[in-house]
Amino acid sequence: MATAIDPAAALQHALLSRLKLRQLTLLQAVDRHRSLVRVAAEMQLSQPAITKALHEVEDIFGSTLFDRTSRGLVPTAAGEAALHCARRWLAELEATTRVLTSLEAGRSGRIRLGLTQQVPHQLMAAALTHLIDRSPRISVMTREGTTDELVAGLIAREIDCAIGRSYDGEAGGLVQQAIYEQEPCLVVGAKNVKRLSRGPLDWARLAQLDWILPPPNTPMRRTYNAVFVGAGVQPPMPILETTSLRTIEMVLRQEPNAVTIFARDVVVEMERTTQWAALPYKLSWNLPPVSFFTLKDMEAHPTVQSLRQQVLEAARRMKRAAH
């Protein structure tokens, strides 16, 4: 009587026994270049050798990983799954090497922290002071980006935790905790406040101004679009889509009708050093709350735990000071 074979178990055995790290590097190179000629040049091998190596990887995975098209090599569904595996494993390997080298340099470890541009100064200061002043010392890496970019970095194991806006998408293994609410305000160039604040708050009038908005498909952009739709107004077509503070400041300073939305506490912090200011309107909604993110399997990491606690305590102090 024939014994039934579990295809998943057979594939797992093939991956564990045959797959090598250099083959994962090959997959990333193929995805990056979409051309075996360019992959061969990068890896300093002949094209037949690269073709043979790719066939070997596809044999291990038991699937065609790339379709050969007129536009070059395009990942199949199986190829996307294999690439996800490659990115994750290689990111974990890179993280491990960084931790080991930090240990060899006398540090007690390494932490990779993601931050959005509108994290309040007090929270950022609490996080960085806690990490940098630890004893024994650790190595710290920070990365800035939108919440969506930071979540993608967490899933790809490129960062360990993040402070950003609450995330409303699907992300397996993501753990987030809302820690601080921020009031929004309309922001313009300081010299334009008097002219642009005439009359009552009118979203139809505001929609005619030159808007600076976050990139599409980010939590902040979705919130702002919902505000305009809720007011019965078509969301404006922005003149600029960015989260860069330096870019926003430059455009607000130069364009007389430029306007954006920012957290009021962040604007108060920056009014001393920038040439922008808040319009005197009270908005009736809050921004997506500032949240602390990590992955389920990183929750118990001692450094992540202690950092989360420090940030929570800083948020509580900010709330008490605001009342």
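Which residues in H2 meet which residues in H4? This tour begins with that contact, in a model that is predicted.

**Stop 1: H2 and H4**

Select residues 21-33, which form helix H2, and then residues 47-61, which form helix H4. On the H2 side, display Gln23, Leu26 and Leu27; these meet Ile50, Ala53, Leu54, Glu56, Val57, Ile60 and Phe61 in H4. Sorted by class, the residues of this contact comprise eight nonpolar, one polar and one charged. Turn the view to follow the two axes: they come within 10 Å and cross at roughly 110 degrees. An angle of 65 to 115 degrees counts as roughly perpendicular, and H2 is therefore roughly perpendicular to H4.

**Stop 2: H3 and H4**

To see the contact, select Leu36, Val37, Val39, Ala40 and Met43 of H3 together with Gln47, Ile50, Thr51 and Leu54 of H4. Seven of these contact residues are nonpolar, two are polar and none is charged. Ile50 and Leu54 of H4 deserve a label here: they take part in the contact with H3, and they also meet residues of H2.

**Stop 3: the five-stranded sheet**

Now move to the sheet. In what order do its strands lie? The order is S9-S8-S10-S7-S11, in an open sheet with mixed pairing. Select residues 240-241 for strand S9 and residues 276-278 for strand S11; these are the edge strands, each pairing on one side only. Next, select strand S7 (residues 184-189) and strand S10 (residues 258-263), which pair in the antiparallel sense over five bridges. Within this region, display Leu186, which stands opposite Ile261 in S10. Strands of a sheet pair through backbone hydrogen bonds.

**Stop 4: the helix across the sheet**

**Stop 5: two cysteines**

Finally, select Cys85 and Cys185. Are they buried or exposed? Buried means under 20% relative accessible area. Cys85 has a relative accessibility of 16% and therefore counts as buried. Cys185 is also buried, with a relative accessible area of 0%. With a disulfide taken as a pair of cysteine sulfur atoms within 2.5 Å, the count of disulfides comes to zero.

How values were computed:
Residues are numbered from 1 along each chain as its sequence is written. This is a predicted model: local features need pLDDT of at least 70, side-chain atom pairs count only at pLDDT 80 or more; totals for chains, interfaces and linings use all residues. Side-chain values use heavy atoms; hydrogens and water are left out. Axes are lines fitted to C-alpha atoms, for helices over the stretch in contact, and angles run from 0 to 180 degrees between N-to-C directions. Helices (H or I, at least four residues) and strands (E, at least two) are DSSP runs, numbered from the N terminus. Contact means heavy atoms within 4.5 Å. Ala, Val, Leu, Ile, Met, Phe, Trp, Tyr, Cys and Pro count as nonpolar, Asp, Glu, Lys and Arg as charged, and the others, Gly among them, as polar. Buried means under 20% relative accessible area, exposed over 50%, partly exposed in between (1.4 Å probe, protein chains only). Two strands pair if DSSP finds at least two bridges between them. Angles under 35 degrees count as roughly parallel, over 145 as roughly antiparallel, 65 to 115 as roughly perpendicular and the rest as oblique.
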